[in-house]
Amino acid sequence: MHYIGNRAIQLYGGQPGLQLTYGAGFTIISFFMPVIVLLLAYAIIGAVDNPQFWRLTVGGTFAGAAICGMHYLVCILELNL
């Protein structure tokens, strides 16, 4: 969603040097990083039938970190760092 929407934007009248671009490396990382971290979060929470509070806390933290990390990587992509 981020990539398609941002590629549709034309900044500063379409000047080539001022448009959003994406590198393949960061794009691949920003796709797989949240998938892997969310799998870890689900494994932590779902390892038992009745999860304890610490499992919910750690799993929820990993889930939030996965989503925040993906958005952070998208920001890096947009800034071309």
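Visitor: Start with contacts. Among those between residues at least 6 apart in sequence, what share joins residues at least 24 apart?
Guide: That share is 55%. Contact here means heavy atoms within 4.5 Å.

Visitor: Ground rules, please.
Guide: This is a predicted model, where local features need pLDDT of at least 70, side-chain atom pairs count only at pLDDT 80 or more, and totals for chains, interfaces and linings use all residues. Residues are numbered from 1 along each chain as its sequence is written, and side-chain values use heavy atoms, with hydrogens and water left out.

Visitor: What pLDDT does the protein average?
Guide: The average is 82, and 86% of the residues score at least 70. pLDDT is the predictor's confidence in each residue, from 0 to 100.

Visitor: How many helices and strands?
Guide: There are 3 helices and 0 strands. From the N terminus on, the order is α-α-α. Both kinds are DSSP runs numbered from the N terminus: helices are H or I with at least four residues, strands are E with at least two.

Visitor: Which element has the lowest mean pLDDT, and which the highest?
Guide: Helix H1, residues 2-8, is lowest at 69. Helix H2, residues 24-46, is highest at 88. Where pLDDT is low, the predicted coordinates should not be read in detail.

Visitor: What should H2 span, at 1.5 Å a residue?
Guide: Its 23 residues should span 33 Å, and the end C-alpha atoms are 33 Å apart, so the two agree. The expected span is 1.5 Å times one less than the number of residues.

Visitor: Which residues of H2 are buried?
Guide: Ser 30, Pro 34, Val 37, Ala 41 and Ile 44. Buried means under 20% relative accessible area, exposed over 50%, partly exposed in between, using a 1.4 Å probe and protein chains only. Across the 81 residues of the protein, 21% are buried.

Visitor: Switching to Phe 31. Buried or exposed?
Guide: Phe 31 counts as exposed because its relative accessibility is 53%. This residue sits in H2. Its C-alpha is 9.4 Å from that of Leu 73, 42 residues away along the chain.

Visitor: And Ile 36, buried or exposed?
Guide: Exposed, at 56% relative accessibility. Ile 36 also lies in H2.

Visitor: Which residues form the nonpolar patch on the surface?
Guide: Ile 28, Phe 31, Phe 32, Val 35, Ile 36, Leu 39 and Tyr 42, with about 760 Å² of accessible area together. Accessible areas come from the Shrake-Rupley method with a 1.4 Å probe; for residues, only the protein chains shown count as cover. Patch residues have over 30% relative accessible area and no salt bridge; like charges are joined within 9 Å, nonpolar side chains (Val, Leu, Ile, Met, Phe, Trp, Tyr) within 5 Å. A salt bridge puts a side-chain nitrogen of Lys or Arg within 4 Å of a carboxyl oxygen of Asp or Glu.

Visitor: Last one: where is His 71?
Guide: In helix H3, residues 53-79. His 71 is partly exposed, at 34%.
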